[in-house]
Amino acid sequence: VGQQLAYKCNFGFKLIGEKILTCLKNGQWDHKIPKCEAIGCLLPDPTDDKHYEINSNTSEEEKINLFNFGDVLEINCEEGYEFVDDSQNSLTCSEKGMWKGNVSDCQPIKCPSPQILNGFVNNNTDDNEKKYSVGENLVFQCNQGFRSSEEPVICQESGNWSSTAQCTPIRCPSISNHPVASLFFNKPSSPLKLDPETQSRIHQFTLAIEGDKLGDNLILRCSDQTKDLIINGTKLRNISWRCEEQWRLQNININDTELRTLLLSQDLCEGQCPPPIVPANAVLVTQNVTDWRPNATISYECQPGYVLQGLGSATCTSSGSWSGVSLCRPIACPGEPPRVNNAEFDLDSKEHTFGKTITYRCLPGYRMYGPKTSKCLASGRWSRVLGKCSKISCGKPKVADDVKLEGKSYLYQEQLGFICKSGKIGNITCLANGQWDTTPAC
């Protein structure tokens, strides 16, 4: 009687009832024997600004015992949100009935900036890691030669794009429908029927196909690569089309339909010569001829002041080129240009040809009066120099009243004498610069 018992619960449990019991005289304990129950954690209430999601249909009365010591509660973000940091997203019920642990904040789900093959994102910023909000459209641009699909690319709540941002090559229409290129495709179902002679003309050519993307080319040339194409008198190594969303003729001033007609009706790789190029300083004698077939001959002559070097004719060969082309060289004036008294000139070469002009300059103390040039004429002679160099004048000197001048010439190198009233005498000389060498002084 009187003995006491003290109760203590294990870690993580709490005592329900009296902690100390005393034995009474009647052999009973003064209180009921206590119990140890696990410490429970209340289900946390998520706050709106955190955007957490905790799924529970538990009533308020049941919440306190729903989670026991050591239980782990998984936390999720609301739909359309994701954790800033995925390293920890759970809470543990502690021995004190409190939730322990850190849960990362939830942020709106965003879509990453995608890598676009043959294109780039227009985000108006230098940040290549820009992320896009849910519902936002991706604005991107394709490289030259590529185009984007018309389907919008929208950021979804899953953090993925609604479709793939793609840049596909821009292609030209099928060459099987091209007015000229289609001639080189023999399909059993093709309605095009060519007679043997026309087929023979087509076989004169080969068509090279680089592709059908933007910037690719179709190149038509003669099968015999020693020959050129002759189109309306113009000599061409080839004819090309460039893909610019449509096939565009590049180097000839006719359309596809006209070219097709020529290919089907004429032998364009026959070796016809292009219109002759008249040598510089020559005049074509043959007139009113536009069809330069093999063996056709032209004649030309040099303009006045030029002399022919070689034959004065050329012939169209079977290879489509002109043979025997000559030159017209300028006539040369032999020797040096004529000499002019009291003058000199500069020569920049030993050979002086038609049209060459020499400019004279007077020696110091002389001045040119009249034309000062001589020109190599078409006759092979120098023109006469009409100008001449005459001595310059220093003019009458100004002297004091007590000085008397003797002499009448004021020209270059001439001298005047002077006499002073005091009896002093002397001379002054006219210099090349048009000034007297001194002023008479008594």
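## Strands β26 and β27

Strand β26 is joined to strand β27 (residues 297-302) by 3 bridges, and the two run antiparallel. Within this pairing, A282 has C302 of β27 as its bridge partner. Strands here are DSSP runs (E, at least two residues), numbered from the N terminus. Two strands pair if DSSP finds at least two bridges between them.

The model is predicted: local features need pLDDT of at least 70, side-chain atom pairs count only at pLDDT 80 or more, and totals for chains, interfaces and linings use all residues. Residues are numbered from 1 along each chain as its sequence is written, and side-chain values use heavy atoms, with hydrogens and water left out.

## The open sheet

An open sheet is formed by 4 strands in the order β26-β27-β29-β30, with antiparallel pairing. Its edge strands, β26 (282-284) and β30 (322-323), each pair on one side only.

## Aromatic pairs

The whole structure contains 5 aromatic pairs (rings of Phe, Tyr and Trp, the last by its six-membered ring, with centres within 6.5 Å; planes under 30 degrees apart are stacked, over 60 edge-to-face, the rest tilted). One of them is the edge-to-face pair of F345 and Y360, at 5.2 Å centre to centre and 80° between the planes. F345 lies in the loop between β32 (343-344) and β33 (357-359) and Y360 in the loop between β33 and β34 (361-362), so this pair ties together parts 15 residues apart in sequence.

F345 is buried, with a relative accessible area of 12% (buried means under 20%, exposed over 50%, partly exposed in between, with a 1.4 Å probe and protein chains only). Y360 is also buried, at 3% relative accessibility.
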